[in-house]
Amino acid sequence: MSTTGATADPLAALGSLPGVAESVESVRKAVDRVYGHRIMRRRSNEITSEAALRGARGSAALSGADWALEEVRRRTDFSGDDEAQTVGAALRLTAEAGQLLSIWRQSPLRVLARLHLVAAADQGDTVGRPRQDGEPVDEPLVELPLPDATEVAGRLEGLSQLIIAGGSAPALVTAAVVHGELLALRPFGTRNGLVARAAERIVLVGSGLDPKSVCPAEVGHAELGRAAYLAALEGYASGTPQGMAAWIAHCGRAIELGARESTAVCEALQRGAA
């Protein structure tokens, strides 16, 4: 995403793209339905915990480890093959994201470094810092052209400045841009998708849209499918208004599906309590 030009708040400007305002409103209604459920008044911690588990499962699925929810729930050892390590990384990131909210608005690059360290702590001395020229990137499911290290550094700094400055952009727009920018840049040698989706979660929670983290967008992204996810990402990477709007709408739909998932969990708990 370009952060240059005459627009003082380029994130807010994205909110005026065709269809984005409708997506923002639709997301707000979906989130409000979850928060208005009677179970949320008494058992919100349970909903948050279940949303974290389901969100981690969804994020791992998008990174190639599509495990059944019950398998994720029952496993305690994630040190085996690459799929197990991916699921373990997704779970660790989901737990860590909630601890980084207070730092995000002051130092987003520090948070991204911490997220990568949590996700890929066992993968050598490149962990926790943006890649340098010549260093490989292991993100086989994303086939977009790979920006060089100089472009990565510049765009990360631009994104950081936008987040620190704040602004009037809706949470959906900011979350979608953070998510899309990190996937387009792939600033780390590994686990960029997991980090990008964890950062999206941080924005949604920290913005106040989903303060209890009960609307896991990762669930929705996984439900919409990897092909649709990558197609929407290509739209973001194109930088065109149509492509950007399509990516934001895709992220909005993912949040709505995550909200629907947690509403179903509320309904199940309510039936169990009846």
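Biologist: Is Ser 213 buried or exposed?
Modeller: Ser 213 counts as buried, at 12% relative accessibility. Buried means under 20% relative accessible area, exposed over 50%, and partly exposed in between, with a 1.4 Å probe and protein chains only.

Biologist: Before we go on, what are the ground rules?
Modeller: This is a predicted model, where local features need pLDDT of at least 70, side-chain atom pairs count only at pLDDT 80 or more, and totals for chains, interfaces and linings use all residues. Residues are numbered from 1 along each chain as its sequence is written, and side-chain values use heavy atoms, with hydrogens and water left out.

Biologist: Where does Ser 213 lie?
Modeller: In the loop between α10 and α11 (217-224). Helices are DSSP runs of H or I with at least four residues, strands are runs of E with at least two, and both are numbered from the N terminus.

Biologist: What is the phi of Ser 213?
Modeller: Near 55 degrees, a positive value in a residue other than glycine. Most residues other than glycine have a negative phi, and most peptide bonds are trans. Arg 186 also has a positive phi, near 45 degrees. Arg 186 lies in the loop between α9 (171-185) and α10, and is buried at 3% relative accessibility.

Biologist: And Val 214, what does it touch?
Modeller: Val 214 touches Val 34, Tyr 35, Met 40, Ile 47, Thr 48, Ala 51, Gly 258 and Ser 262, leaving out residues up to four places away in sequence. Contact means heavy atoms within 4.5 Å. Val 214 is in the loop between α10 and α11 and is buried, at 0% relative accessibility.

Biologist: How many disulfides are there?
Modeller: A search of the whole structure finds 0. A disulfide here is a pair of cysteine sulfur atoms within 2.5 Å. For Cys 215, the nearest cysteine sulfur is that of Cys 266, 9.3 Å away. Cys 215 is buried at 3% relative accessibility, and Cys 266 is buried at 0%.

Biologist: New topic: helix α5. How far apart are its end C-alpha atoms?
Modeller: They are 22 Å apart. The expected span is 1.5 Å times one less than the number of residues.

Biologist: What caps the N-terminal end of α5?
Modeller: Asp 81 does, with a side-chain oxygen 3.3 Å from the backbone nitrogen of Glu 83.

Biologist: Which helices cover the buried residues of α5?
Modeller: The cover includes α3 (38-62), α4 (69-74), α6 (101-104), α7 (108-119) and α10 (192-206). Among the buried residues of α5 are Ala 89, Leu 93 and Glu 96.

Biologist: Which residues of α5 and α7 meet?
Modeller: Ala 89, Arg 92, Leu 93 and Glu 96 in α5 meet Arg 114, Leu 115, Val 118 and Ala 119 in α7.

Biologist: What about Glu 50, where is that found?
Modeller: In helix α3. Glu 50 is buried, with a relative accessible area of 15%. Glu 50 touches Leu 69, Arg 73 and Val 265, not counting residues up to four places away in sequence.

Conventions:
A polar contact is a pair of N or O atoms within 3.5 Å; within protein, one must be able to donate a hydrogen and the other to accept it, and residues adjacent in sequence count only if both atoms are side-chain atoms.
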